[in-house]
Amino acid sequence: MNWYAPHVYVIPEDDADRQLADGFVLHHAVNETRIQVVPPAGGWPHVLKTFRDEYVRKLRDYPLAHVVMLIDFDGQYESRRAAFEVETPHDLGARVFVVGARQAPEALRNALRKSFEEIGTSLAGECRAGEAALWGHEQLEQNAPDLQRLIEAVKPILFGPA
Amino acid sequence: MIERLYVHNFRCLENFTLDLAGRPSALVIGRNGSGKSTVRECLALFQSICRGSSRVGTLVSAGDFTRHRTDQPMRFEVELALAGKRFTYAVSFEWAANSREARIADESLSVDGGAVFSRHHSQVRLSGGVTFGLDWHVFAMPVINEPPAERSIQEVKAFLGSMILIAPVPANMTGYSEEPSFELAGDAGNFASCLRALLGQKPAAYGAFAAYVKSVIPDFSSIENVERGERGTQLIVTFEQGDPRRSLAVEFKALSDGEKSFFLSAYVTALNAVGSPAFCMWDEPDNHLSLSEVGQFITGLRKAASRGGQFVATTHHPETTRKFSDETTFVLTRKSHLDPTVVRPLADFAYGGDLINALIRDEIIG
């Protein structure tokens, strides 16, 4: 990873989220040299701790770094979203994103009858095309405000020239 | 693309099926001795036949029969989907009493269910009904010539013969070559010959090759063959950072093991990029790479394969394991050296929590 070029770290909550993220990166148009999916944190509190302990400093040291936290909202979108907002320094907020399934990715997988990886690849395709069919699924629609910010910030990094 | 591989009575593989249908890439994991490399050796048998090895004795010995069980036939089948057609090539061996080598019991090739040729012992029957005799110890596949309008045997031979089946030994990748070759050796020692053949036949491949290398080695500038001795050429790699006046040229053999792996991956990527999609099975592709490089390396190979090729890896590395999904990972297990290998997709295992932790606790491959 070139720290001096725009880049994105993805911190998945668990293995299901990890497979979603890796599926996203597998989309043919995604520049895999600009994105790194790090090992699953093992629960949303650990995602938050990992972000606080390891990535706040990285975001400060490298102004072109971005962090996407991929979590399960477990039906508690408002409170969980607020927990992450509290821990995100105001000056870094534009480069930090929290997205995930309303319940858990398993609900999405069961509804779509596709693997996590296939869903991730489809989500990348929609990001690139500016579509929101899958992103509008009831398990994902709550991400709309963050998604808009995410696409504006990250799309040029991942889908731009190498 | 390989859709299915079936093997019976070969070393630890008994009634073994690897279902690769619909999987442009897949990972095979399992303990040491579970049969991962044996799968590659099965494919190498098909590769050898299609590259022209005609005698059974050079490919199969008595020790290859499961638990030396030479009284039962050994069988190999591979199903391929190529250009919209479905091919099945199968060959089985038997060991006659008092014989010093295995012989062919049956051999056949079919396309979309119709026989191209079939063979029982020495009698070969072609699709038009013509029959002829062949030495029991000689494969029919390399010796049958089709009429000009027929391409089935040629298509299968070209695909299986050009498979990349590697457990690279970077020390053997010196960059020296005497002639081009499209048949990459198992240790990748003839990498320079293969790169020479690819760029000679399809110069456009250099763009994809160089772009890949530059994405992982940013100061890479170019690679060229210079004459060495009477017949040979040596790969020279040039690095530079911005200013062409400050460049460094080194012989390929001076690169690190990991850097040589990057060049090998660039070769596979370039093959797929220029319309020569390849099947690649790479034993432990993460060997020699730093932790931060593994993920991008594996993802790159998976993406290259998705352009019509196919990539199968084996690994013990956590980062490689994480770059595949539960649906694209196969787990090989074997209770003991006396038991056969069992293959199951990782999706069949209800592991809890983190996959790597579950593997470390032996909850999956134990």
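Mentor: Let's start in chain B, where helix α1 (residues 36-50) packs against helix α2 (residues 152-161) at an angle of about 125°, the axes being 8 Å apart. Keep in mind that this is a predicted model, in which local features need pLDDT of at least 70, side-chain atom pairs need 80 or more, and totals for chains, interfaces and linings use all residues. Residues are numbered from 1 along each chain as its sequence is written, with chains lettered from A and ligands numbered from 1 in the order in which they are written.

Trainee: What makes α1(B) oblique to α2(B)?

Mentor: Angles under 35 degrees count as roughly parallel, over 145 as roughly antiparallel, 65 to 115 as roughly perpendicular and the rest as oblique. The angle here is about 125°, so α1(B) is oblique to α2(B). The angle is taken between N-to-C directions, on a scale from 0 to 180 degrees, with axes fitted to C-alpha atoms over the stretch in contact.

Trainee: Which residues of α1(B) and α2(B) make the contact?

Mentor: On α1(B), B:Phe46, B:Gln47 and B:Cys50; on α2(B), B:Val156, B:Lys157, B:Leu160 and B:Gly161. A contact here is two C-beta atoms, placed from the backbone, within 7 Å. The class count is four nonpolar, two polar and one charged. Nonpolar covers Ala, Val, Leu, Ile, Met, Phe, Trp, Tyr, Cys and Pro, charged covers Asp, Glu, Lys and Arg, and the others, Gly among them, are polar.

Trainee: How do you know how α3(B) and α5(B) lie relative to each other?

Mentor: The axes of α3(B) and helix α5 (residues 257-273) of chain B come within 11 Å and cross at roughly 30°. That puts α3(B) under the parallel cut-off, so it is roughly parallel to α5(B). B:Phe191, B:Cys194, B:Leu195 and B:Leu198 of α3(B) meet B:Leu264, B:Tyr267, B:Ala270 and B:Leu271 of α5(B). That contact divides into eight nonpolar, no polar and no charged residues.

Trainee: Over to chain A: why are α2(A) and α3(A) called roughly parallel?

Mentor: Helix α2 (residues 44-61) and helix α3 (residues 77-87) of chain A pack at about 15°, with axes 10 Å apart. They are therefore roughly parallel to each other. A:Trp44, A:Leu48, A:Phe51 and A:Arg52 in α2(A) meet A:Arg80, A:Ala83, A:Phe84 and A:Glu87 in α3(A). By class, that contact has five nonpolar, no polar and three charged residues.

Trainee: How do you know that the length of α1(A) agrees with what it should span?

Mentor: The expected span is 1.5 Å times one less than the number of residues. For the twelve residues of α1(A) (residues 15-26) that comes to 16 Å, and the end C-alpha atoms are 16 Å apart, which agrees.

Trainee: Is B:His68 buried or exposed?

Mentor: Exposed: B:His68 has 10 other C-beta atoms within 10 Å. B:His68 sits in the loop between α1 and β4 (74-82) of chain B and has a positive phi of about 55°, although it is not a glycine. Most residues other than glycine have a negative phi.

Trainee: And why is B:Ala188 called buried?

Mentor: B:Ala188 has 23 other C-beta atoms within 10 Å, so it makes the cut-off. B:Ala188 also has a positive phi, about 60°, and its place is the loop between β11 (176-177) and α3 (191-201) of chain B.

Trainee: What makes A:Tyr77 partly exposed?

Mentor: A:Tyr77 has 15 other C-beta atoms within 10 Å, so it lands in the middle class. A:Tyr77 lies in helix α3 of chain A and, leaving aside neighbours within four places in sequence, is in contact with A:Arg102 and A:Gln142.

Note on methods
Helix = DSSP H or I, 4+ residues; strand = E, 2+ residues; numbered from the N terminus. Buried ≥ 20, exposed ≤ 12 C-beta atoms within 10 Å, placed from the backbone.
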